[in-house]
Amino acid sequence: MPELPPYPGTPRWVYVFGLIAVAVVVVFLLRHLTGGGMGNHVHG
Amino acid sequence: MTMTPGLHKFALTAHVITSVGWFGAVAGFLVLAVAGLMHADPQVVRACYIAMGLTGWFAIVPLSLASLLTGIVMSLGTTWGLFRHYWVAVKIVMTLPAIALPLLHMQPISRMAGAAAQTTLSPADLSALRVQLVAYAGAALLVLLVATALSTSKPRGWTPYGWRKQHEQRTASQL
């Protein structure tokens, strides 16, 4: 089997999306952990 | 397994209809949430939250699940695949929480609708929840906007898995 050509790498826009996603998750978790959830409901 | 052209058109139509329908349902939900928070007339406020409960259960939840299902069918039935290209993978990663969070929060939304149906809500009643409904609906709309932009622009970028699969398929077709 011919050798696999070198992987061109992850595009920059994916890193930008990833950073934004991490920031959103952190904000979301902080709000829920500090009691800022939806009317103090319990999941499930 | 690649779909036949006819099946591809049907699946694509189904995916577009459910996805755009989901977007529209969330937009309507946002309008109701803002009106419920801001409107002075208690009858309008009551109607808004009752309508939000109905919209959530009978439009947003089924359309979001249908959009996910048809999207997966489209991915697996075409050469795009599910995890070969970053734009498809990012869309899935984005839309899964956009589906899961409303499902998890339908209980407080139903509670809000139930409270609105039984009593006249004052501006202070459940104010934190009412604000958060606006925030979550706005965030969901933004996620769906970005997902739509990804679908139409299809930015380039193979995942490592997709890169390997593409090379394997090219090699297999040459043998």
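How far apart along helix H1 of chain A are A:Trp13 and A:Phe17? They are four residues apart in H1, which spans residues 12–33, and so are separated by about one helical turn. The views below show this pair and other sites in a predicted model.

View 1. The search of the whole structure gives five aromatic pairs over all chains. A:Trp13 has a relative accessible area of 18% and is buried, while A:Phe17, at 26%, is partly exposed.

**View 2. An edge-to-face pair of tryptophans in chain B.** The rings of B:Trp158 and B:Trp163 have centres 6.5 Å apart, and their planes make an angle of 70 degrees. B:Trp158 is partly exposed, at 23% relative accessible area. B:Trp163 has a value of 16% and is buried, since the limit for that class is under 20%. Ring pairs also bring in a residue of chain A: A:Tyr7, B:Trp158 and B:Trp163 are linked into a cluster.

**View 3. B:Ser64, a buried serine in helix H2 of chain B.** Helix H2 of chain B covers residues 42–76 and includes B:Ser64. The relative accessibility of B:Ser64 is 3%. A polar atom of the B:Ser64 side chain lies 2.8 Å from the backbone oxygen of B:Val61. With neighbours within four places in sequence set aside, B:Ser64 is in contact with B:Trp22 and B:Ile99.

**View 4. The crossing of helices H2 and H3 of chain B.** Helix H3 of chain B runs over residues 86–104. The axes of H2(B) and H3(B) come within 10 Å of each other and cross at roughly 160 degrees. The two helices are therefore roughly antiparallel, the cut-off for this term being an angle over 145 degrees. The crossing is left-handed. From H2(B), the contact is made by B:Val61, B:Ser64, B:Leu65, B:Leu68 and B:Ser75. From H3(B), the residues that take part are B:Val88, B:Leu96, B:Ile99 and B:Leu103.

How values were computed:
Residues are numbered from 1 along each chain as its sequence is written. Chains are lettered from A and ligands numbered from 1 in the order in which they are written. This is a predicted model: local features need pLDDT of at least 70, side-chain atom pairs count only at pLDDT 80 or more; totals for chains, interfaces and linings use all residues. Side-chain values use heavy atoms; hydrogens and water are left out. Rings of Phe, Tyr and Trp (its six-membered ring) pair if their centres lie within 6.5 Å; planes under 30 degrees apart count as stacked, over 60 as edge-to-face and the rest as tilted. Buried means under 20% relative accessible area, exposed over 50%, partly exposed in between (1.4 Å probe, protein chains only). A polar contact is a pair of N or O atoms within 3.5 Å; within protein, one must be able to donate a hydrogen and the other to accept it, and residues adjacent in sequence count only if both atoms are side-chain atoms. Contact means heavy atoms within 4.5 Å. Axes are lines fitted to C-alpha atoms, for helices over the stretch in contact, and angles run from 0 to 180 degrees between N-to-C directions. Angles under 35 degrees count as roughly parallel, over 145 as roughly antiparallel, 65 to 115 as roughly perpendicular and the rest as oblique. A crossing is left-handed if the near helix is turned anticlockwise from the far one by less than a right angle, and right-handed if clockwise.
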